[in-house]
Amino acid sequence: MVMKTSVENAVDACESQEDSRKKFVDRIIKTNREVFIMSSLLDNQMCGYDLIKEIFTRCDVFLSQGAVYPVLYTLEEDGLLRAEYRKGDMRTKRYSLTPKGREIAEKDVEIFAKALKQVTLLLKR
């Protein structure tokens, strides 16, 4: 039997904490994907693939096409997103917020941030 050094134990503990943190972040993003999708569209018009890449790059969380596209379709049906094809590219829909969608996205991002702050305060007791 090989005994681990205290440094190896500390490294294992840090990796375990990082894995746990990533699992919480993953759950938060996936559960609230509508907020993150709309937030990503506040600055840029994007296709579904670009949204998946953006969220992965910013949050290190992979959202599948099956998680993203139903949200996009629902937001479009609700009048919060507009989908357009670029001239010469009839395969890729680019999504942007409508004025109503922008208003709701800004509000939802603010409310979500306040909720996270409140949860953080509750956990710091």
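A: A residue counts as buried if its relative accessible area is under 20%, as exposed if it is over 50%, and as partly exposed in between. The model read here is a predicted one.

Q: Is Cys-47 buried or exposed?

A: Cys-47 has 9% relative accessibility, so it counts as buried. Cys-59 has a relative accessible area of 21% and is therefore partly exposed.

Q: How many disulfides does a search of the whole structure find?

A: A disulfide is a covalent bond between the sulfur atoms of two cysteines. In this model, the search of the whole structure gives zero disulfides.

Q: Which elements make up the chain, and in what order do they run?

A: There are five helices and two strands in the chain. Read from the N terminus, the order is α-α-α-α-β-β-α. The chain has 125 residues, of which 26% count as buried.

Q: What share of the contacts between residues at least 6 apart in sequence joins residues at least 24 apart?

A: A contact means that heavy atoms come within 4.5 Å. In this chain, 48% of the contacts between residues at least 6 apart join residues at least 24 apart.

Q: How many of the residues of helix 2 are buried?

A: Helix 2 covers residues 33-40, and six of its eight residues are buried. They are Val-35, Phe-36, Ile-37, Met-38, Ser-39 and Ser-40. Arg-33 also belongs to helix 2, but its relative accessible area is 30%, so Arg-33 is partly exposed.

Q: Which residues does Arg-33 touch, not counting residues up to four places away in sequence?

A: Arg-33 touches Leu-63, Ala-67 and Val-71. Take Ala-67 as the example: 34 residues separate it from Arg-33 along the chain, while their C-alpha atoms are 8.1 Å apart.

Q: At what angle do the axes of helix 2 and helix 5 cross?

A: The axes of helix 2 and helix 5, which spans residues 99-123, cross at roughly 125 degrees and come within 9 Å. The two helices are therefore oblique to each other. Their crossing is left-handed.

Q: Which residues of helix 2 and helix 5 meet?

A: From helix 2 come Val-35, Phe-36, Met-38 and Ser-39; from helix 5 come Gly-101, Ile-104, Ala-105, Asp-108, Val-109 and Phe-112. Sorted by type, the residues of this contact are seven nonpolar, two polar and one charged.

Q: What is phi of Asp-60 near, and where is the place of this residue?

A: Most residues other than glycine have a negative phi. Asp-60 has a phi near 60 degrees, a positive value in a residue other than glycine. Asp-60 sits in the loop between helix 3 (48-59) and helix 4 (65-77). With a relative accessible area of 44%, Asp-60 is partly exposed.

Q: With which residues is Phe-62 in contact, leaving aside its neighbours within four places in sequence?

A: Phe-62 also lies in the loop between helix 3 and helix 4. Its contacts are Lys-30, Ile-52 and Phe-56. Ile-52 is 10 residues from Phe-62 in sequence, and the C-alpha to C-alpha distance is 6.9 Å.

Q: Is Ser-96 buried or exposed?

A: Ser-96 has a relative accessible area of 14%, so it is buried. Ser-96 is part of strand 2, residues 89-97. Leaving aside neighbours within four places in sequence, Ser-96 is in contact with Gln-45, Leu-80, Leu-81 and Arg-82.

Key
Residues numbered from 1 in each chain as written. Predicted model: local features only at pLDDT ≥ 70, side-chain atom pairs only at ≥ 80, totals over all residues. Heavy atoms only, no water. Buried < 20%, exposed > 50% of the residue type's maximum accessible area, 1.4 Å probe, protein only. Helix = DSSP H or I, 4+ residues; strand = E, 2+ residues; numbered from the N terminus. Axes fitted to C-alpha atoms, helices over the stretch in contact; angles between N-to-C directions. Parallel < 35°, antiparallel > 145°, perpendicular 65-115°, else oblique. Left-handed = near helix turned anticlockwise from the far one by under 90°. Nonpolar A, V, L, I, M, F, W, Y, C, P; charged D, E, K, R; others polar. Disulfide = S-S within 2.5 Å.
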